[in-house]
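Subject: Structure handover

Hello,

Here is the structure we talked about. Please open it alongside this note; my findings follow below.

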Amino acid sequence: MRTVRSRIALAALLIAALTGCSHGPKETPVRAADDPNLLVGCGPLEDQKIASNLHVSGVEQQSAPTVCNWTATGPNGGAVDITYAWLENDTLSREVQIADQFGYQVERLVIKHFGGMYWRDPKDPSTCAVTASDTGTVTWWVQNRDHAAQPDPCAGAMALMQATLSVDGV
């Protein structure tokens with residue numbers, strides 16, 4: 001029951017982040033010094049790496065683990081929301097169920113050698129996510145707050161996922 005409540009809370013946080021309503025206090029990512037898992041906390045990408053993958057001048061972190069949010073100003077001057085989530089022991093099939101439940105279109109793919117998927121909101125071309133799965137799921141969401149389709153949020157989410165997998169040694 002606790003897992004179900006945790007996942008419902010996570011889904012609510014992701015939805016809030018995608019609609020631009022998630023603005024909490026800035027916290028410092030936490031990673032135990034002896035924890036070899038680079039995906040914990042807010043992931044392995046430093047703020048400058050996130051910014052360079054999205055072709056923005058900088059990002060500002062809005063929250064921290066397990067769902068981490070940043071905001072940036074896009075190349076066209078519009079605000080961009082970025083969300084990272086890592087769920088240990090989660091599965092791609094569970095993420096597909098959540099996407100279906102909320103009406104997202106899913107496109108399955110392979111990222112390097114991991115199963116994955118794109119999440120697209122058919123009503124909002126400014127929102128896209130990429131999830132990869134192994135012993136859990138890693139998801140990067142990108143949303144242009146002005147609801148413009150450019151810059152391409154799917155390209156941004158994929159660039160962040162590729163950079164994450166590269167840092168993680170894949």
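Start at threonine 164. Leaving aside its neighbours within four places in sequence, threonine 164 touches Leu39, Pro44, Leu45, Val138 and Trp140. Bear in mind that this is a predicted model. Threonine 164 sits in helix H4, which covers residues 153-167. Its relative accessibility is 1%, so threonine 164 counts as buried.

**Aromatic pairs**

How many aromatic pairs does the structure hold? There are five. Tyrosine 84 and tryptophan 140 make one that is tilted, with 4.9 Å from centre to centre and 55° between the planes. This pair links distant parts of the chain. Tyrosine 84 belongs to strand E3 (residues 79-88), tryptophan 140 to strand E7 (residues 136-144), and 56 residues separate them.

The next pair is tyrosine 104 with tryptophan 119. Their ring centres are 5.8 Å apart and the planes stand at 80°, so this pair is edge-to-face. Planes over 60 degrees apart fall in that class. Tyrosine 104 lies in the loop between helix H3 (92-101) and strand E4 (105-111). Tryptophan 119 lies in strand E5 (residues 114-121), so the pair ties together parts that are 15 residues apart in sequence. Tyrosine 104 has a relative accessible area of 13% and is buried. The cut-off for buried is under 20%. Tryptophan 119 is buried too, at 2%.

Ring pairs also join Trp70, Tyr84 and Trp140 into a cluster.

The charged end of arginine 120 sits over the ring of tyrosine 118. The distance to the ring centre is 4.5 Å.

**Helix H2**

Now to H2, residues 47-54. Which of its residues are buried? They are Ile50, Ala51, Asn53 and Leu54. Seen down the helix axis, the buried residues of H2 fall within an arc of 165°, so they line one face of the helix. What do they pack against? The partners are strand E1 (59-61), strand E2 (67-73), E3, E7 and H4. After H2 comes histidine 55, which has a positive phi near 60°.

E2 is mostly covered, with six of its seven residues buried. E2 pairs with E1 in the antiparallel sense, over three bridges. In that pairing, valine 59 stands opposite alanine 72 in E2.

E2 also pairs with E3. The sense is antiparallel again, and the pairing runs over seven bridges. Asparagine 69 stands opposite threonine 83 in E3. E2 and E3 form a hairpin, and five residues lie between the two strands. Glycine 77 is in the turn and has a positive phi of about 90°.

**Where to look**

- The cluster of Trp70, Tyr84 and Trp140.
- The hairpin of E2 and E3, with glycine 77 in its turn.

Best wishes

Technical notes:
Residues numbered from 1 in each chain as written. Predicted model: local features only at pLDDT ≥ 70, side-chain atom pairs only at ≥ 80, totals over all residues. Heavy atoms only, no water. Phe/Tyr/Trp six-rings, centres within 6.5 Å; stacked < 30°, edge-to-face > 60°. Helix = DSSP H or I, 4+ residues; strand = E, 2+ residues; numbered from the N terminus. Buried < 20%, exposed > 50% of the residue type's maximum accessible area, 1.4 Å probe, protein only. Lys NZ or Arg CZ within 6 Å of the ring centre and 35° of its normal. Contact = heavy atoms within 4.5 Å. Arc of directions from axis to C-beta. Pairing = 2+ DSSP bridges.
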